[in-house]
Structures are given as structure tokens and as C-alpha cells.
Amino acid sequence: MSVRTPPRAEAMIDLDAVRHNVALLAERAARSGAATMAVVKADGYGHGATEVAMAALSAGATWLGACSLAEGLSLRAAGIDAPVLSWLDVPGEDLAPGVAAGIDLSASSLDELTAVRQAARGVDRTARVHLKIDTGLSRNGCPAAEWPDLLEAAAAAEAEGSVEVVAIWSHLACADEPGHPSIDRQAERFAEAYRAARAAGLRPKRHLANSAATLTRPDLHFDLVRTGIAIYGLNPVPQHEDLRPAMTFRSSVVLTKRVAAGEGVSYGHTWLTPQETTLALVPVGYADGVPRSLSGRMEVWLAGRRRPVVGRVCMDQIVVDCGDDAVAVGDEVILFGPGDRGEPTAREWADTLGTIDYEIVTGMHRPRVGRRYLGVRPGTSPEAVRVAATEGGP
Ligand SMILES: Cc1ncc(COP(=O)(O)O)c(C=O)c1O
């Protein structure tokens, strides 16, 4: 029997958790008659876009969301033929491969619509486009003043057959603060934008809700919800939801040593051993996604309990104080996980750092951090293929 070498650094992704979360969200959306998009941009928020996409599609999602066209095309290259919306392309980018691959594109301006139209003519296909209205996030999206011109041009493009206006859409600024007045204001502006689109002769679908609005505002589900963070099991709203975090970041002990009282530990000697103690060395550092600013402010789960990481987080290593407890080389070290056993969570790191858990998990796409998938369904390519490749282990 082969014994698996303990991981140097590994993000374990529980695809059963992803399926559970997607099923929960898709059920909420379906109650309002809406379809569910799984947002898998940024390599599936650091969890692996293809694997998450496959799991999500098997659990009730029928759409996928990507930021860049390259992300959308990589889903197609993996053999996924579900509808994909790619929403932030850069000026001058060649959109033709996207149109040819049947990827839905977004347009926030006349220039963007023109680029989509030209790409469609170039490959002699009708491009599927979603017109984005800025309802108050003031990021991308068409300003209200330019919306009538965009609608007119889109209607003309639809009439000539180069474009099909699939939907109008927008994005909420404060959905994670239920009751925030901007939500209703954005919803009103979205309603106005929709009325204008209908008046221009278009018959688009509508989508507005992210995870937070999917959980808290069924009246804003419309035809499609775009769920990101919640499919990864991280809850964006204050209320309890039965979501399961999918990512566990783990490593293992590579060296233990007894150290006398009064010795300095790690760079700068910011921590001194208060008494003789056992230190455990763990081969992960800020190059592997452990922020240096967590130095002196983090714990890990090791040998059955939480233990403090002492001294500075280095580029490649951290040191854990284990007191007089028995710890051994090869023991598993959990940096963060779902929290079920009492281990730290990505949310805990985020709270300590003054950020959001999105940033923590998305930042786990690191060259030295392997990925291991749990809950893989045998034979479901490309999941199976990718897992076979990662099983070799870091
Ligand atoms: C346009 C758009 N829609 C939907 C989402 C998903 O949001 P969330 O991860 O909060 O569900 C994002 C993510 O940032 C987004 O940029």
C-alpha cells in the first residue's frame, strides 16, 4: 500500500461542499423562477475554475460566470458547453474567439458594443450580448445618460443579426449589508433601465443579484442570479446560512526541536521562548499565502488543538509553539478550514487582517501550493482528468 507523503502545502477543495452550496442557492433561485450562475472567475476564487464549474453544473447551476474572455475560453477548452458570460474585456482584445465559442459578452458602452458587433461579423455568427447598466456601483456599466443610445445601437445590431441581446444586467454595491438604502435605489434604477430596453424593442432577460442578494432579496432574483462567494461556502451576509466552506489550507510538520527558555524565534526575534518548549517548523510562508502581517496574530490546528504561530512569518516557513506536547514530523497542520474541528477559518484570517474572506481564498492560487480535490465523481471528465494529475501530490 502506498503511503501518501504529507503535503508541503496544499489547498484541499471539497467538491461535495461546493455541490451542497450550489444546490442550496439554486433551490432559493428556483423558488423565484430564476436560474443560477456559478461565478468561477479568478480560477474559481482560488478553488480551480474547471473543477468547481463541473461540480456546480452537476448540482443545479446552469450558467457560469467569468471575468476575462481567457477564463471563459478555458472553460470551453475543458469541454464545458454550458452558457458562459465573460464580463470584463479590455479595449482592443480580439473578441472573435469568444463569439465563435458561443461565450456571452458584456457591453457597457457603444464602443464595447461595436467591438462585439465587429467580432460577430468576423466569424459570421450572432454574438450573445448582455448590456450592463450602472445603477450605482460606479464601476463598469453604462451611465444612465448613455443608456438610450446604447439601447438604440443594440436594437439596430439585433435587427441586422450581428447581435442577440440576451439580458440587461447590473451589480449591487452593498448587498452584503441587508437593508442598505442603496439596494432599493439600485433596484429602482434597474427597473427604469429595463423599461427603457423594452421600449427600445428589446426583450432581454434581467440579472442583478450576487450571493448576498440571492440569500436576502428574492425580489431581485429576476431571471438569473450570479453566485460567487457562497458557492465556495463563505457566507457574505450576517444571518446564518447552511453553507460549507470548500477550502482547507494545510501543511505538515517538517522538524521539531526543544528550545531553552529565553531564545529568540524567527527574524527580528519578536518572540522569545518564555520557558523551555517544543517548536514545530511548518514549510509555508508568505510566498504560499500566509500573510506576513499575521505574524504574532495567528494560530494553526496541530495535534488535536490550536497552537500559536510564534515570531515572524517568513517567506517559506512558520514556527509553531507546542509547549511540552508531543508533536512529530509529518503531523498535519491546518492553517484554515471549515472550522468544524475548531481550526481557524478564512474568515478569521480576514477579520484579523481587516479584509474579506474573498481575498484570502482567491490568494491561495500559488505555485508551491498543490490542490487536492475531495468528492470527485469518478469518470466526470475533466474533473477526473485534472484530479488524476494532482493526485501525484506536491
Ligand atoms: C459582476 C459580478 N457578479 C457577481 C459576482 C459574484 O459576487 P459574490 O461573490 O459576492 O457572490 C461578482 C463578484 O465579484 C461580480 O463581479
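Two residues are in contact if their C-beta atoms, placed from the backbone, lie within 7 Å. On that basis, residues 24 or more positions apart account for 66% of the contacts in the protein chain with a separation of 6 or more. The structure is a predicted model, in which local features need pLDDT of at least 70 and side-chain atom pairs count only at pLDDT 80 or more, while totals for chains, interfaces and linings use all residues. Residues are numbered from 1 along each chain as its sequence is written.

**Overall architecture**

- The protein chain has 12 helices and 19 strands, where helices (H or I, at least four residues) and strands (E, at least two) are DSSP runs numbered from the N terminus.
- Taken along the principal axes, the C-alpha atoms of the protein chain fill a box of roughly 80 × 50 × 40 Å.
- Of the 394 residues of the protein chain, 47% count as buried; a residue is buried if 20 or more other C-beta atoms lie within 10 Å of its own, exposed if 12 or fewer, and partly exposed in between, with C-beta atoms placed from the backbone.

- An automatic or database domain assignment sets the bounds, dividing the protein chain into domain 1 (16-232) and domain 2 (247-363).
- The C-alpha centres of domain 1 and domain 2 lie 40 Å apart, and 6 residues of domain 1 are in contact with 5 residues of domain 2.
- The side of domain 1 that touches domain 2 has 4 nonpolar, 2 polar and no charged residues, with Ala, Val, Leu, Ile, Met, Phe, Trp, Tyr, Cys and Pro counted as nonpolar, Asp, Glu, Lys and Arg as charged, and the others, Gly among them, as polar.
- Ala56 is in contact with Val18, Val22, Ala38, Ala61 and Ile231, when its neighbours within four places in sequence are left aside.

- Ile183 is found in helix α8 (residues 181-199) and counts as buried because it has 22 C-beta neighbours inside 10 Å.
- Not counting residues up to four places away in sequence, Ile183 touches Leu172, Cys174, Ala175 and Arg217.

**Annotated positions**

- UniProt positions are given in the numbering used here, feature names are shortened, and annotations may be inferred rather than shown by experiment.
- An unreviewed UniProt entry places the feature "domain: Alanine racemase C-terminal" at residues 246-374, a stretch that is 11% helix and 35% strand, with end C-alpha atoms 9 Å apart.
- The feature "active site" is placed by UniProt (unreviewed entry) at Lys41 and Tyr267, which are spread over 227 residues of sequence and also in space, up to 36.6 Å between C-alpha atoms.
- Lys41 sits in helix α2 (residues 41-45) and is partly exposed, with 19 other C-beta atoms within 10 Å; leaving aside neighbours within four places in sequence, Lys41 is in contact with Gly65, Ala66, Cys67 and Glu71.
- Tyr267 lies in the loop between β12 (264-265) and β13 (271-272) and is partly exposed, with 13 other C-beta atoms within 10 Å; Tyr267 touches Arg312 and Cys314, not counting residues up to four places away in sequence.
- For "binding site", UniProt (unreviewed entry) lists Arg139 and Met315; they span 177 residues in sequence, and the farthest two C-alpha atoms are 34.8 Å apart, so they do not all gather at one spot.
- Arg139, in the loop between β6 (127-132) and α7 (147-160), counts as exposed, with 11 C-beta neighbours inside 10 Å.
- Met315, in the loop between β16 (305-310) and β17 (318-321), is exposed, with 12 other C-beta atoms within 10 Å.
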